[in-house]
Amino acid sequence: QVQLVESGGSSVQPGGSLRLSCVASGSIVRFAGMGWYRQFPAGKDRKLVAVITRGGRTEYEKSVKGRFTISRDNAKNTIYLQMDDLQPEDTAVYYCAADRDDELLPDDYWGQGTRVTVSS
């Protein structure tokens, strides 16, 4: 059974930074892709924010490009999302996901989510 555990969500002021972590139960090298999604308040769908493949390729949703950075540490079975210059529109619950086969739309396994609130 794969478990993904996110942490790092918090409340910050606009312009602030946060780093989210997602620790997997076991090696993350087995996943073709891992990523971060977010679900906005009152929203129904989870939107892909950033993804990183086994090979290290990264892709970002347009609104976060240049502000967010996804990375991985295979030795720690962990991926990260460094979020800089946070804005109120980044307020959401952020979910980690992993996929054994799909590099760019990971959705086999999900974490429980971590809440990020950006307000002054």
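Mentor: We will go through a few terms and see how each one applies here.
Mentor: This is a predicted model, in which local features need pLDDT of at least 70, side-chain atom pairs count only at pLDDT 80 or more, and totals for chains, interfaces and linings use all residues. Residues are numbered from 1 along each chain as its sequence is written, and side-chain values use heavy atoms, with hydrogens and water left out.

Trainee: Why is strand 9 called largely enclosed?
Mentor: Buried means under 20% relative accessible area, exposed over 50%, and partly exposed in between (1.4 Å probe, protein chains only). Eight of the eight residues of strand 9, residues 92–99, are buried, so the rest of the structure largely encloses this strand.

Trainee: Which residues cover the two faces of strand 9?
Mentor: A92, Y94, C96 and A98 are buried on one side, and V93, Y95, A97 and D99 are buried on the other. In a regular strand, side chains alternate between the two faces of the sheet.

Trainee: How do you know that strand 4 pairs with strand 9?
Mentor: Two strands pair if DSSP finds at least two bridges between them. Seven bridges join strand 4 to strand 9, and they run antiparallel; M34 has A98 as its bridge partner.

Trainee: How many bridges join strand 9 to strand 10?
Mentor: Two bridges join these antiparallel strands, so they meet the "at least two" rule and count as paired. A97 and W110 are bridge partners there.

Technical notes:
Helix = DSSP H or I, 4+ residues; strand = E, 2+ residues; numbered from the N terminus.
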